[in-house]
Structures are given as C-alpha cells and as structure tokens.
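Here is a short report on one protein chain. Please keep the sequence and the model at hand while reading.

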Amino acid sequence: MGTHTVTALVNARGRQFEDWSADYRLYSRSRAVPEQLFAPVLKWLCACQDGPIVMAMDDTLLRKTGKKTHGVKYMRDPLGPPFRVNFIRAQRFVQISAACPGKGGQARMIPVDWAHAPVPQKPKEKAGETQWKQYHETKKQSCCSAVGAQRIRRIRAWLDENGAAGRRLWMAVDGTYTCGAVLKALPHDTTLLGRIRADARLYFLPDQQPQKGRRRSYGEPAPTPEQVRKDPKIPWKKVRVYFGGKKRSVRVKQITPLRWRTAGEEHVLQLLVVAPTPYRLTKNAKCLYRKPAYLICTDPNAPAALVLQHYLWRWDIEVNFRDEKTILGVGDAQVRTPEAVQNVTGCAVAAYAILLAAADQCQRNNNNCLHLPPPKWQPQKAQRPTTNNLIRNLRYELWASSIHFSGFTIKNMTYTKPEKRKPKLESALFYATKFA
C-alpha cells in the first residue's frame, strides 16, 4: 500500500524501528533472484496446455529522476505527441510474457522473464580511441534487438532443460525485434512472428538453379506489403479470431513462400497483410478505420487464422506494463546499484506473475478466487478478474480474520483471538503513504 519502495515494504512488515540494511542487501547482493521466481510460473504454464508455447516480447521504460542511478539516461518518450519528440530520464527493460489460453480463444499474458537493458554512457570527446571502441562494442551488445535475441535463446534453453524440448515456441514481437539481429540468431524449434515495414523488399524462391556456380537463394522480387494490399488480383479472405471481447471476422491476404535478405537465406517466410478494421466510437458515429498491419512469420505453412490470433495475443503484454507501473509501482524503489536495479524490479514483476498464475489456477480448478463482490459500476460477470480485483481479494485473505468491528455482534464465535498475520495489519495501514 502506498509508494512501492523498499522502505514501504519494511513498514508493512512492522520493522521500521529495526535495522533495515539487510533488506537492501537482499537485492544488492543477489540473494533474491527473479529467474528462480519465474521458473515455477513458466513450468506451470507449460504443464497446463498442450501444443506450441506462445510468448510475446517487448521493452518498456521506467521513469527515473536520479542521475547517478545505474542505467538512467535520456531516452525518447513513447507517450509524447507525434509532432514533437520529447525526452525523459528512464531505465529500459525487456520483458517476455507467456500466453495462458482460456475459453473461446482468449488468452492472458503472464510475465516469465525480465531483464535490464541499460544504454551505455557516451564517453567524453577527449576520450581515447580504446574507450570509444569499447563504447561502440557495448552499445551493440546492449541494444534492444541484441538483448531480445539473448533472452529468446535463454527461454529456449530453459524449455529444453525442463521437459519441453520438442515443443514449438512462438515469439510475437513488434517492429523493433523484427530485424536481422533477432531473425538470424533464432534457436531451434522457434517461430518468430513480427511486424514488417510497408515498403520491405521481399523475394520469391528461385525457380531454377544454375548448373554451375553458387546456388541461388533469392528469386524474382516480390511485391512490397503495401503493393500486396492494393493489388486487386490478390483476393482477400476472412478469418475468425478473438479480440475485443468476442470472435470477429478479419480480412487478410497471405503470400508464401518468401525470403527476406534481412532474415537471411535460412528462413522461408510468409507475409500476412491485415486489412484496416472498421470501428465506431459511438453507435451513431461515422465509421473509422485502423491502420493496416503487415506481418511476417518464419513458419511458411502456418494457417493465417493461427498466425493472426497469436499476434493479437501480444497486445496483452501492454496491459502487463500498465499494471506493473501504475498498480504495482515497478520502478518506485530508489536503488542505484546494477544488481539492485535488476532484482528489485524483477522480483516485483515475478510477484505479479505469481498472482496471475494463482488466479488462473483457481479458475481451472473451479474455485472462486474473488471473495469480494465487484462494485456496482463494474460488470457482474467479467470475462476475467482485473489486477486490482486480485489484489483486493488477496488482502481479504490475509487480513479478513484479523479485522473485527465493534458495532457488529458475531454469534457462535469459538475462537476469539485473531491469528497473527504477516505483514502486520496495523503497520501496513498506518505507515502506508503514497508520497514520502
């Protein structure tokens, strides 16, 4: 409750009058490792579903004000207006979330990996050649695409070591990770699904090979994704996918097989062009259209409906980022060392993943995880509980037996002494504050 800092956690546990240095050493000396907390969640997600494992990867920024905190640098504000580029001081993190399929085609993304991707500090102008060379090398290794490729390989290795060696891994990404650094470093049994530019230069497979010399990898140039969308000779086909709360029909164009020089000759791709989807802000408003989408998939034989459905599940990782920042306060902790920056935020995201996994497990076992009735302004039969609802019900399970109101009479109460709970109720309530 209140600001999500390490000191607020100390207050919630009732240890505000004791030595607090051990709480900071817990993170700064890597005694709390986020990867070990993500492992049981990922193992449960693999066990509760059959077939391929669908994941999504994206990066996010955590706003910071301190200049001496590790990884803080001026970066472009993604929430700024399109006509004005704004800069903010922030830390950059890369997250991978796994899809937990539900009924009717819906799915909930649950975080399974969290990594700090700091941008190196630029040396001064009078720095030596060695420092500049080291800076450029570190910059290549710390860019989002390089970190993303590393995290994909780590997830694939974990799956191979924990009983999912033969299962296919689908990774849905945006345009940042649809590049050669990720595509050329894909591990085995991994399919990448991402957005591509409208003017990308694609090629058909070669029809014939020369009798002498090197074999050809690229054939005749294929039309660009924008040309495919505008070509009336290529027919549209409708597929049924789940998004926006129900099953809907979407028009797509599919071309396969293709090759892209950025992906290399080892990947045979398929192009999926998604038509602009109409929508109305109100019932009587004019019809508006979303922008078209151009997707590529490294599996040329995958059905169009399956490819589009897996990519639409990727949107839920944006919901993860919103909940982590606004509700769980990831990034509020004032820590500076590299280990503490990774471990404090990673443990908070892992706790969020455990909360979502526990709620889904209760629903699969036909157990009601919501003990409190929803407010009147919320729908009584929601498709899935929100993060705020889960947190409120978790507090109910922890503290309901310890709260007694003097104005109510409890009949037939045999046990009069409330059970002592941790965190302590009085400390968590009276020392909770939003701003220090």
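Are Tyr-203 and Tyr-218 buried or exposed? Both Tyr-203 and Tyr-218 are buried. The model is predicted.

## Aromatic pairs

The count of aromatic pairs comes to three. One of them joins Phe-93 and Trp-114. Their rings are stacked, with 4.8 Å centre to centre and 20 degrees between the planes. The pair links distant parts of the chain. Phe-93 sits in strand 3, Trp-114 in strand 4, and 21 residues separate them. Phe-93 and Trp-114 are both buried.

Tyr-203 and Tyr-218 form an edge-to-face pair, because their ring planes stand at 65 degrees, with centres 5.6 Å apart; the cut-off for this class is over 60 degrees. This pair, too, links distant parts of the chain. Tyr-203 belongs to strand 7. Tyr-218 lies in the loop between strand 7 and helix 7, 15 residues away.

## The nonpolar core

The largest nonpolar core holds 99 residues. Met-55, Met-171, Trp-260 and Leu-308 touch the most other members. Helix 10 (residues 338-364) gives the most to this core, with 12 residues. In soluble globular proteins, nonpolar side chains tend to be buried together.

Which residues does Met-171 touch, not counting those up to four places away in sequence? They are Met-55, Ala-56, Met-57, Ile-96, Ile-152, Thr-191, Leu-192 and Leu-193.

## Helix 3

Helix 3 covers residues 34-47. Its 14 residues should span 20 Å at 1.5 Å a residue. The end C-alpha atoms are 21 Å apart, which agrees.

Buried residues of helix 3 are Pro-34, Phe-38, Val-41, Leu-42, Trp-44, Leu-45 and Cys-46. What do the buried residues of helix 3 pack against? Their partners are strand 1 (53-63), strand 3 (87-101), strand 4 (107-116), helix 5 and helix 10.

## Salt bridges

How many salt bridges does a search of the whole structure find? The search finds 17. In helix 7 (residues 225-230), Arg-229 and Glu-226 are three residues apart, so about one helical turn separates them. Their side chains meet in a salt bridge at 2.6 Å, N to O. Glu-226 also meets Lys-230 in a salt bridge, at 3.5 Å. Lys-230 and Glu-226 are four residues apart in helix 7, again about one helical turn. An α-helix has 3.6 residues a turn, so residues three or four places apart point the same way. Arg-229 counts as partly exposed because its relative accessibility is 24%. Lys-230, at 58%, counts as exposed.

Salt bridges that share partners also join Arg-13, Arg-15, Glu-18 and Asp-23 into one network. Within it, Arg-15 bridges to Asp-23, with the closest N and O atoms 2.7 Å apart. Arg-15 is buried at 17% relative accessibility. Asp-23 is buried as well, with a relative accessible area of 9%.

Thr-5 is found in the segment before helix 1 (6-12). Why does Thr-5 count as buried? Its relative accessibility is 17%, and buried means under 20%. A polar atom of the Thr-5 side chain lies 3.2 Å from the backbone nitrogen of Ala-8. Beyond its neighbours within four places in sequence, Thr-5 is in contact with Asp-332 and Ala-333.

Ser-217 is in the loop between strand 7 (202-204) and helix 7. Ser-217 is buried, at 17% relative accessibility. Its side chain makes a polar contact with the side chain of Glu-265, at 2.4 Å. Not counting residues up to four places away in sequence, Ser-217 touches Pro-206, Arg-259 and Glu-265.

## The loop at Ala-165

Where does Ala-165 lie? Ala-165 is in the loop between helix 5 (144-161) and strand 5 (169-172). At 39% relative accessibility, Ala-165 counts as partly exposed.

Leaving aside neighbours within four places in sequence, Ala-165 is in contact with Arg-156, Leu-159, Asp-160 and Asp-189. His-188 is 23 residues from Ala-165 along the chain. The C-alpha atoms of Ala-165 and His-188 are separated by 9.8 Å.

Technical notes
Residues numbered from 1 in each chain as written. Predicted model: local features only at pLDDT ≥ 70, side-chain atom pairs only at ≥ 80, totals over all residues. Heavy atoms only, no water. Helix = DSSP H or I, 4+ residues; strand = E, 2+ residues; numbered from the N terminus. Buried < 20%, exposed > 50% of the residue type's maximum accessible area, 1.4 Å probe, protein only. Polar contact = N/O pair within 3.5 Å; in protein donor to acceptor, adjacent residues only side chain to side chain. Contact = heavy atoms within 4.5 Å. Core = buried A, V, L, I, M, F, W, Y, C linked by side-chain atoms within 4.5 Å. Salt bridge = Lys/Arg side-chain N within 4 Å of Asp/Glu carboxyl O. Expected span 1.5 Å × (residues − 1). Phe/Tyr/Trp six-rings, centres within 6.5 Å; stacked < 30°, edge-to-face > 60°.
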